[in-house]
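Hi,

Here is the structure I promised to pass on.

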Amino acid sequence: MKRTILYWIIAFIITIASAIYQRTTGPTYPISGKIELNGKEIPYKLKRSDETIANHRVLIKTNDPLVKGYVEWKRHKTTDNWTRVDMIYQDDTLSAEIPVQPPAGKLQYRVYLQDLQKSSILPNEGPAIIRYKGPVPTVFLILHVILIFSAMLFSTRTGMETFSPQPKFNPLIYWTVGLLLTGGLIFGAILQKYAFGAFWTGWPFGTDLTDNKTAIAFISWILALIAVKKSPNPKKWILSASIITLIIFLIPHSLLGSELDYSKIK
């Protein structure tokens, strides 16, 4: 197998693995598990992200009318009291609604289920935190995902080129920079505007880690591109930029993302 093909295969595997890891470890990924009530195993999935178009419905399919439940919720990082909402059993499923919030608003919520003998609280590790976001046009979301993970693919592949006996960084590095620019800084900003009402909430305007890590990756590749033009030995710059980008892509999705400060609204 030619070295070039092998490098592309390895880069593709690393990209897919990092994408799965980033998505499934993020704070907006649903919490799932199973409990046992009335001698039956009940699976559950508690969502941690929803759109600002309607109240969020908490659904637990129990297939058992003898299992009762209710949901408690409160605004995140506030001194609000917990509000209780009884769950309604219909079509083999217990359901309750918790109120929609403004973009970047968060609620804590927990589910209490009980049969004739015992009760359970979901999730076991503490209240789930759900963040609301504005609806994003599907075409923008698809383009963002394709472009940003293509940037990761080319970043990894360009970094691996440093191990070639006679490395050829063009046009790999141009593709990497271009994809980070369009997928991260342009389409990422568009998604941010639709979802949370601002094109940029990273430094110096905020602490959104998604924005900040995109900027760091882009700057690292701009420095690598300059090194290709100016330095007789740009390998260390390119390899460093590739490693930095990989580390950034391993940071869980939406970690330290946009968050509404309820103390600043009435």
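Arginine 84 is exposed, because its relative accessible area is 51% (exposed means over 50%, buried under 20%, partly exposed in between, with a 1.4 Å probe and protein chains only). Its side chain meets that of aspartate 86 in a salt bridge, 3.1 Å from N to O (a side-chain nitrogen of Lys or Arg within 4 Å of a carboxyl oxygen of Asp or Glu). Aspartate 86 counts as partly exposed, at 49%.

Before you go on: this is a predicted model, where local features need pLDDT of at least 70 and side-chain atom pairs 80 or more, while totals for chains, interfaces and linings use all residues. Residues are numbered from 1 along each chain as its sequence is written, and side-chain values use heavy atoms, without hydrogens and water.

The whole structure has eight salt bridges. Another one joins lysine 77 and glutamate 259, also at 3.1 Å, N to O. Lysine 77 sits in the loop between β5 (68-75) and β6 (83-86) and glutamate 259 in the segment after α5, so this pair ties together parts 182 residues apart in sequence. (Helices are DSSP runs of H or I, at least four residues, and strands runs of E, at least two, numbered from the N terminus.)

Now try helix α1: which of its residues are buried? They are Tyr7, Ala11, Thr15, Ser18, Ala19 and Gln22.

Cheers
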